[in-house]
Amino acid sequence: MILAALVNGLALGAGYALLAVGWTVLLGAARLVNFAHGQLYMLGAFVTWFVISRFGWPYGVAVPVALVVVGVLGVVLQLLMTRMTLEQNIVNLMLVTLAFGYLLQGGAALLFGGDPQTIDSPLQQQDLALGAARITGQDVLIVVLALAFYAVTFVVLGRTDLGRMVRGVAEDPKLAQLYGIDAARVYLAVFVFSAVCAALAGAVVGPRSPILTSMGFEEVIITFLVVVLAGVGNLVGGLVVAIGLGLFTAFFGTFFPPAYSTAAAFVVLLVVLVVRPQGLGARR
Amino acid sequence: MTADVATRETSAPAARRVPTPLRALLWVVLVAAAYLLPAVLGGSDRIYATVVLVAIFAIMSYGVDVVLSYLGEVSLGHTLFWAAGAYTTAILAVRSGWSPIPALLASIVVTLLLALLLGLATLRTREFVFSLVTYAAAIIGLTVVQNTQALGGSDGVVGVPLLELPAVGGTYVARTNAELWPIALVCLVLVVLLVSRFRRSRLGTTALMAQMNGELSTAMGVDVRRTRMLVFVLSAPITALAGWLYAYQRSYVSPDLLSPTFLLFMLTAVILPGRRLLLGPLVGAALLTAQQQLFSLGGDADKIVLGGVLAVVLLASPTGLVGIWHALVRRVRGSRR
């Protein structure tokens with residue numbers, strides 16, 4: 001039972017990490033709190049399901065299609081918000097993303113219906129018995145993708161010119177523009193990256209359980225639990241906290257009613273906020 | 001400096017010239033007109049239900065208005081206070097047979113405690129963490145309420161008795177929406193008076209100053225954290241009062257009170273007319289309720305309308321309808337020249 005919880009927790013945590021990586025970069029670079037993140041996750045899952053069930057395309061093709069669709073949606077959303085992002089009007093940015101999320105949820109419910117659906121992934125059927133635990137191919141995919149995305153993001157942000165531009169804009173958008181960096185384009189790139197990460201998380205975590213268009217609210221909460229606990233902008237901390245949160249959820253769910261696991265994690269967050277308001281991973 | 005900001009924000013130049021007794025008379029006429037409005041509109045139950053809901057949702061939105069307009073913070077946790085007011089009332093009335101006034105007092109106490117807890121936890125956090133934590137509290141509250149049998153689970157609490165208030169020569173029983181309307185209107189008027197008092201109070205002006213220039217207000221000796229905490233805690237019972245009324249109006253409570261629908265409603269009701277207007281949330285609530293009650297397009301389409309309205313207003317005119325009006329006036333004046 002312990003082993004099963006461990007495996008489940010790792011897969012859950014890797015899913016959380018994939019969900020949070022884009023948000024971490026977005027919040028760090030653009031100071032943009034995207035409340036529609038959970039709905040982008042939901043759309044990632046639903047577009048994948050739609051492509052499979054409507055066109056009969058295989059899972060491996062449906063996922064990239066979903067990423068493109070949500071990526072294009074990300075372009076549209078960020079273009080609408082460009083002025084607000086440049087003004088760094090945080091209050092209005094939060095409100096407008098909240099509105100977008102609600103809009104997307106209503107739109108998805110009209111488009112895809114209100115019934116729970118399952119994404120047919122061939123990897124979900126392949127499993128490996130490990131004592132009492134069962135690891136599916138899907139779990140392995142999630143873990144591999146999460147690690148790969150963190151590694152790539154870490155290298156790109158820390159070692160490349162693109163990363164330097166993003167960090168420059170994050171530090172001081174006006175100064176970065178004086179150096180010839182187009183802040184609006186950096187914001188666009190970061191937002192689309194974040195949207196695609198959310199969609200990918202939805203597309204790969206989706207097959208593990210039935211999906212609903214009303215999902216996404218819990219996901220955005222988990223995302224910011226990860227980001228706030230790790231300390232805003234802390235990439236490595238985010239990965240550690242995400243895996244930790246996955247394990248916490250899995251173990252909590254084996255001993256207590258699983259419905260309360262996010263609530264329990266939230267209580268932990270409240271305590272952390274009182275003791276260390278800057279997050280666990282922050283240096284100051 | 002404070003006084004200057006406050007007077008400019010609170011009273012339009014035209015209103016300032018009206019002498020106080022006349023202004024009081026104007027308000028009385030306005031309230032009387034509001035009281036007669038549903039009768040003038042035909043007096044059907046549908047009309048009375050709509051105006052009662054407008055009053056309830058307006059009161060609900062005033063709680064958010066106090067925080068959003070004057071403090072400049074986005075509280076996404078007010079659905080928690082709304083649900084706490086309704087649930088405390090419903091549970092005490094159904095299971096323990098409490099009468100409405102004690103139930104209201106208990107609702108206010110419960111909400112104050114919740115607001116204190118959230119306020120204290122977010123006291124030292126950065127600006128957006130406050131919004132994140134309040135949002136999480138509301139969404140997680142929804143899951144917890146749905147799964148807790150003691151709170152009625154996903155069915156909620158049904159069979160809330162009629163709203164009975166002690167009156168001269170017996171009790172006043174609100175059996176229909178028409179009979180509920182005077183009570184809802186009185187609550188609304190009291191809340192508007194409270195908010196208008198808050199706008200002129202020291203706390204209100206301090207909050208506004210802290211929003212406009214936090215560093216300056218700190219330099220002038222204002223404790224920004226204390227101000228934020230006080231305004232947040234004081235705003236919670238306003239929304240709880242609406243929850244109390246709603247429990248009696250609907251005669252049941254269910255976890256949907258914590259759904260993002262009500263959250264979006266509160267925010268849109270404040271932002272659509274324009275922030276920092278005394279009657280703004282009332283106008284916003286009236287517009288949104290009229291759409292949902294009288295011109296509904298179905299649940300999911302109404303979601304698109306609500307989310308769409310909020311997004312369009314923020315993107316096109318963040319100052320709301322008032323901002324559009326000012327821009328139009330400026331354009332007309334400009335073209336005349």
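R276(B) is found in the loop between helix α12 and helix α13 (280-294) of chain B. Helices here are DSSP runs of H or I with at least four residues, strands are runs of E with at least two, and both are numbered from the N terminus. The model is predicted, so local features need pLDDT of at least 70 and side-chain atom pairs count only at pLDDT 80 or more, while totals for chains, interfaces and linings use all residues. Residues are numbered from 1 along each chain as its sequence is written, and chains are lettered from A and ligands numbered from 1 in the order in which they are written.

**Positive phi angles**

R276(B) is not a glycine, yet its phi is positive. S251(B), in the loop between α11 and β4 (252-253) of chain B, also has a positive phi although it is not a glycine. Both are listed below; a residue is partly exposed if its count of other C-beta atoms within 10 Å falls between the limits for buried (20 or more) and exposed (12 or fewer), with C-beta atoms placed from the backbone.

| Residue | Phi | C-beta atoms within 10 Å | Class |
|---|---|---|---|
| S251(B) | about 60° | 16 other C-beta atoms | partly exposed |
| R276(B) | near 65° | 19 C-beta neighbours | partly exposed |

**A hairpin**

Strand β2 (residues 163-167) and strand β3 (residues 170-174) of chain B run antiparallel and are joined by five bridges; strands pair if DSSP finds at least two bridges between them. In β3(B), Y172(B) is the residue opposite L165(B). Two residues lie between the strands of this hairpin, and G169(B) has a positive phi near 70°.

**Two helices in contact**

The axes of α6 (residues 100-121) and α11 (residues 224-250) of chain B come within 8 Å and cross at roughly 145°. Axes are lines fitted to C-alpha atoms over the stretch in contact, and angles run from 0 to 180 degrees between N-to-C directions. Residues are in contact if their C-beta atoms, placed from the backbone, lie within 7 Å. Among those making the contact are L104(B) and L112(B) of α6(B), and F232(B) and W244(B) of α11(B). By class, this contact has 14 nonpolar, four polar and no charged residues. Ala, Val, Leu, Ile, Met, Phe, Trp, Tyr, Cys and Pro count as nonpolar, Asp, Glu, Lys and Arg as charged, and the others, Gly among them, as polar.

**Chain B against chain A**

The contact between the chains takes 34 residues from chain B and 32 residues from chain A. On the side of chain B, α7 (127-147), α12 (260-271) and α14 (299-316) each give two or more residues. α7(B) gives the most, with 12 residues. This side of chain B divides into 22 nonpolar, eight polar and four charged residues.

Terms used: Contact = placed C-beta atoms within 7 Å.
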